[in-house]
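Good morning, and thank you for coming.

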Amino acid sequence: MAESLFVDKSLTLDEQYENLLKQLKSLLVKEDNLLSNFSNFVAAIKQTFTKISWVGFYFLDGDHLYLGPFQGKISCTNIALGKGVCGKSVKDKKTIIVPDVSKFEGHIACDSDTKSEIVVPVFKEKEVFAVLDIDSLEYNSFDETDAKHLGNMCNFLSTFISNNTTKIL
Ligand code: SME
């Protein structure tokens, strides 16, 4: 069945995120496959915001994060726990906004053109399951508004992963 995403760039940032979350909710409930839902999730974010150069998930397995569904250039496949912005987000169980990646000690530059970044953890029953990583080629692309809405979106995803009927494949 054909699916389409309605994107209105004349809306405020808050409204664009609200519009996106509403559509993601109705899209994701139609499918119980985790990889399919995570894939459409990143594609919908990339389609909505032109400021984004790369968006994807890293899944936590043991003491490493592994590259999952993403949109953008090919990327680092694994990140040790505590390393980079992604590894720190897992360790601290918190969203991290990086206005200038050159000022973040230990930043991992998968794309040397990246200037700013935001990483949001996704939880499964209070433990980190994955992180959502979003990059931009401009400085200061993400702020507390992005953090709030991306946090809401990832909380919605958490309900899927915490649901026993969700299938990996
Ligand atoms: N910059 C990230 C690594 C992942 S890439 O940006 C896609 C980090 O420092 O963890």
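This is a predicted model, in which local features need pLDDT of at least 70, side-chain atom pairs count only at pLDDT 80 or more, and totals for chains, interfaces and linings use all residues. Residues are numbered from 1 along each chain as its sequence is written, and side-chain values use heavy atoms, with hydrogens and water left out.

Let me begin with Cys110. At 31% relative accessibility, Cys110 counts as partly exposed, a class that lies between buried (under 20% relative accessible area) and exposed (over 50%), with a 1.4 Å probe and protein chains only. Cys110 is joined to Cys76 by a disulfide, with an S to S distance of 1.8 Å; the term denotes a pair of cysteine sulfur atoms within 2.5 Å. By this rule the count is one disulfide.

Where do the two partners, Cys76 and Cys110, lie? Cys76 is in the loop between strand 2 (64-71) and strand 3 (78-80), and Cys110 is in the loop between strand 4 (96-98) and strand 5 (116-124), so the pair ties together parts 34 residues apart in sequence. Strands here are DSSP runs (E, at least two residues), numbered from the N terminus. Cys76 is also partly exposed, at 21% relative accessibility. The torsion about the S-S bond of Cys76 and Cys110 is about -120°, so this disulfide is left-handed.

Cys86 is buried, with a relative accessible area of 3%. For Cys154, the closest cysteine sulfur is in Cys86, at 12 Å, again too far for a bond. Cys154 is buried, at 1% relative accessible area.

Key:
Helix = DSSP H or I, 4+ residues; strand = E, 2+ residues; numbered from the N terminus.
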